[in-house]
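The sequence and the structure are shown first.

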Amino acid sequence: MDKGTVMKAFRGRPSIYDRCQTEVRSADLTVTGVSLRFGGVVALSDINLSVKTGELLAVIGPNGAGKTSLLNCITGFYRPQEGAILFNGQNITRKPAHSLVKIGIGRTFQNIELFPGMTVLSNLYLARHTHCGYGFGPACLYLPAVRREEIRHRRILEEIIDFLEIQSLRNKPVGALPYGMMKRVELGRALALEPALLVLDEPFAGMNLEEKEDMVRFLLELNRSWGQTMILVEHDMSIVMSIAGRIVVLNFGEKLTEGTPEEIVRHPDVIKAYLGDADAI
Ligand SMILES: Nc1ncnc2c1ncn2[C@@H]1O[C@H](COP(=O)(O)OP(=O)(O)OP(=O)(O)O)[C@@H](O)[C@H]1O
Ligand SMILES: [Mg+2]
């Protein structure tokens with residue numbers, strides 16, 4: 001190999017997407033009339049939206065608009081006082097977060113929630129817990145079925161590590177990584193859950209330009225090549241406008257509008273919410 005050639009990792013399609021077109025990947029979400037209050041603070045007020053399988057929906061809005069609260073309702077971390085959330089026709093409004101992971105909703109957090117003292121591989125490995133089919137006894141005896149399952153878990157994790165190009169970080173403690181890389185590991189952990197619906201809360205926050213470009217590439221490949229359904233909350237408008245299929249805008253806990261990126265960027269209410277008086281602009 002000549003000196004100028006850059007070694008690129010093999011980046012095939014992770015086998016978690018082999019079942020792309022089946023009902024396993026079905027992720028139709030409907031949010032109807034959801035309201036959430038914290039004492040006198042109205043975090044969400046009568047929110048209606050839907051996500052269809054294969055879509056990349058972005059949720060935007062100024063600070064405190066209720067974006068994270070909405071994601072927390074969808075992923076079972078908050079319980080709205082009013083309204084209903086249906087996932088593939090099933091009412092999930094009152095279901096706890098761990099049971100939503102089992103039916104295919106995986107997420108990342110605005111403030112990274114990884115185990116900093118554990119290695120990258122161990123953090124990803126923990127996510128496979130939901131797909132663990134064997135009990136304590138067979139695990140202690142390391143029966144052939146356990147061995148086969150462990151090999152499958154390991155293969156899936158290595159594919160995700162390859163896809164996210166974090167091979168060299170595999171055995172590093174997460175706490176020692178730069179912030180942008182932690183965000184990438186957190187995406188890896190969410191992917192290891194094999195989510196039908198991937199929910200991402202500000203995955204680009206704190207990243208430098210190169211890290212953002214890589215993340216855009218990963219998200220586009222997940223969504224456009226492999227049909228991964230996603231809800232993305234993000235402040236970086238240039239990224240949102242270039243990757244989202246549809247955008248929902250929140251402001252002061254209310255849904256301001258929704259539409260394609262082209263519609264949203266020209267919408268006077270959106271301009272007003274972000275920049276002040278639209279007429280003056
Ligand atoms: N656990 C909580 N307890 C009390 N108030 C909360 C809680 N979570 C959210 N809020 C309030 O709800 C409102 C919406 O907050 P939220 O975090 O959803 O906004 P956001 O759109 O994600 O903002 P940002 O862009 O800054 O992340 C805020 O007024 C916030 O203070
Ligand atoms: Mg937030």
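A residue is called buried if 20 or more other C-beta atoms lie within 10 Å of its own, exposed if 12 or fewer do, and partly exposed in between, with C-beta atoms placed from the backbone. By this criterion, buried residues make up 37% of the 281 residues in the protein. The structure is a predicted model, in which local features need pLDDT of at least 70 and side-chain atom pairs count only at pLDDT 80 or more, while totals for chains, interfaces and linings use all residues. Residues are numbered from 1 along each chain as its sequence is written, and chains are lettered from A and ligands numbered from 1 in the order in which they are written.

**Overall form**

The secondary structure comprises 10 helices and 10 strands; helices (H or I, at least four residues) and strands (E, at least two) are DSSP runs, numbered from the N terminus. The C-alpha atoms fill a box of roughly 65 × 50 × 35 Å along the principal axes. Two residues are in contact if their C-beta atoms, placed from the backbone, lie within 7 Å. Of the contacts with a separation of 6 or more, 68% are between residues 24 or more positions apart.

The expected span of a helix is 1.5 Å times one less than its number of residues. The table sets out two helices, with the span running from the first C-alpha to the last.

| Helix | Residues | Length | Span | Expected span |
|---|---|---|---|---|
| α5 | 144–163 | 20 residues | 29 Å | 28 Å |
| α7 | 209–225 | 17 residues | 23 Å | 24 Å |

In α7, the buried residues are Met215, Leu219, Leu222 and Asn223. They cover an arc of only 85 degrees around the axis, which puts them on the same side of α7; the arc is that of the directions from the helix axis to the C-beta atoms. The face turned away from this buried side carries the exposed residues Leu209, Glu210, Glu213, Arg217 and Ser225. Among the elements covering the buried residues of α7 are β3 (56–60), α6 (179–192), β8 (229–233) and α8 (237–243). Just after α7, Gly227 takes a positive phi of about 70 degrees.

In α5, Ile156, Leu157, Glu159, Ile160, Ile161 and Phe163 are buried, and their cover includes α3 (120–127) and α6.

Five of the five residues of β8 are buried. Thr229, Ile231 and Val233 lie on one side of the strand and Met230 and Leu232 on the other, and both faces are covered. Two strands pair if DSSP finds at least two bridges between them. β8 runs parallel to β3, to which four bridges join it, and Leu232 of β8 is the bridge partner of Ala58. Strand β7 (residues 197–201) is also parallel to β8, with five bridges; here Leu200 stands opposite Leu232.

β7, α7 and β8 make a right-handed β-α-β unit. A crossover is right-handed if, with the strands pointing away from the viewer, the path from the first strand over the helix to the second runs clockwise.
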